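Please look at the structure below. Some questions about the terms used for it follow, each with its answer.

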Amino acid sequence: MIHAKITGTGSYLPGAPVTNNDLIRRGINTSDEWIITRTGIRSRHFAAPDETTSALALVAARRAIESAGCSADDIDLIIVATSTPDFIFPSTATLVQAGLGIHNGGAAFDVQAVCCGFVYGLTVAEKFIRSGSHKRALVIGAEVFSRILDWDDRSTCVLFGDGAGAIILEAANQPGIRATALHADGHQHKLLWVPGNVSGGKVTGDPFLRMDGQAVFKFAVKVLGDVAQEVTDSAGVPHDSIDWLIPHQANIRIIQSTAKRLKLPSEKIVLTVDSHGNTSAASVPLALDCAVRDGRVRPGQRIVVEGVGGGFTWGAALFDF
Ligand code: ACO
């Protein structure tokens, strides 16, 4: 039986941290105290104007490849999760393939599941590898959400940041990924969306992120609790065998409420929202890589990653690292 195992991680945050007080200095009518109390966010990073999603993704990818000890040409599948691609087409994944100098004709495509994109990408890659069709996948979450923020809307612009995280997932004799679950409810798409598009050479509609914050909050707490339970049940493992929960880093209050529902102590939760903000599809692989590099996440440990995002989409994966 073929299993799929994570063998390398990498990430990248552009530029210097931008604190809440830096946002105030840039003219946002807010306060450090309001942002910290409601969200837990103290700082975030923003890409430079000429820095693209594929550029962030490439740095994270190179770091993941180095940590896996493989070469770029060993990768036969690239999946980039993003809602802020460089272009309408081609996919950001094909740009990453070219940037890595890969000429092996492997598959490359993007997935669009907003803040749950990395969990979707990981799950798709796992199916490819377990089927035997592909041997080594590079799965990336990368975003420049700063480009779709309305800086006159203080209820959303203080929440997000830019960044990228990546993993290498490869065929193995032992698990690996033990359970995954993906869900969507398209009826709720207007609670969190960017309702514009490009047509006839113009942007039509509203090109900025819009959100009903309180509705998103309630929905996120419910589904993040449910889907973590779903993957532990499906893997047949008890809650207390989980070493780390790595949830989507949207808001510390959502994360704390989820942990409470799951009866998981706060010492088992990886938190990066304080210094990254919400980096959408990048948030989970960024948090995973930070926890690997600072020694919290170690080989052999059992991890649950989970996400929720616009659509709505939500999902989780349980794996032995
Ligand atoms: N600074 C200061 N005051 C603000 C700010 C700000 N940045 N933003 C809003 N306010 C004010 C409002 O104007 C309002 O003032 P009023 O009472 O005088 O009218 C007051 O704060 C309360 O506004 P609410 O929108 O009711 O604030 P709420 O308590 O709901 O907190 C928040 C807003 C933080 C967005 C919350 O709803 C939340 O955490 N939602 C979750 C959404 C989320 O995390 N989304 C991330 C993307 S989704 C995802 O990743 C799954």
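Q: How many aromatic pairs does the structure hold?
A: There are five aromatic pairs; rings of Phe, Tyr and Trp (its six-membered ring) pair if their centres lie within 6.5 Å. The model is predicted: local features need pLDDT of at least 70, side-chain atom pairs count only at pLDDT 80 or more, and totals for chains, interfaces and linings use all residues. Residues are numbered from 1 along each chain as its sequence is written, and side-chain values use heavy atoms, without hydrogens and water.

Q: Why is the pair of Phe109 and Phe128 called tilted?
A: The planes of Phe109 and Phe128 are 40 degrees apart, with 6.1 Å centre to centre. Planes under 30 degrees apart count as stacked, over 60 as edge-to-face and the rest as tilted, so this pair is tilted.

Q: What makes Phe109 partly exposed?
A: Its relative accessibility is 26%. Buried means under 20% relative accessible area, exposed over 50%, and partly exposed in between (1.4 Å probe, protein chains only), so Phe109 counts as partly exposed. Phe128, at 25%, is partly exposed as well.

Q: Why is the pair of Phe219 and Trp314 called edge-to-face?
A: The angle between the planes of Phe219 and Trp314 is 80 degrees, and the centres are 5.3 Å apart. That angle is in the edge-to-face range. Both Phe219 and Trp314 are buried.

Q: Which residues do ring pairs link into a cluster with Phe219?
A: Phe312 and Trp314 are linked with Phe219.
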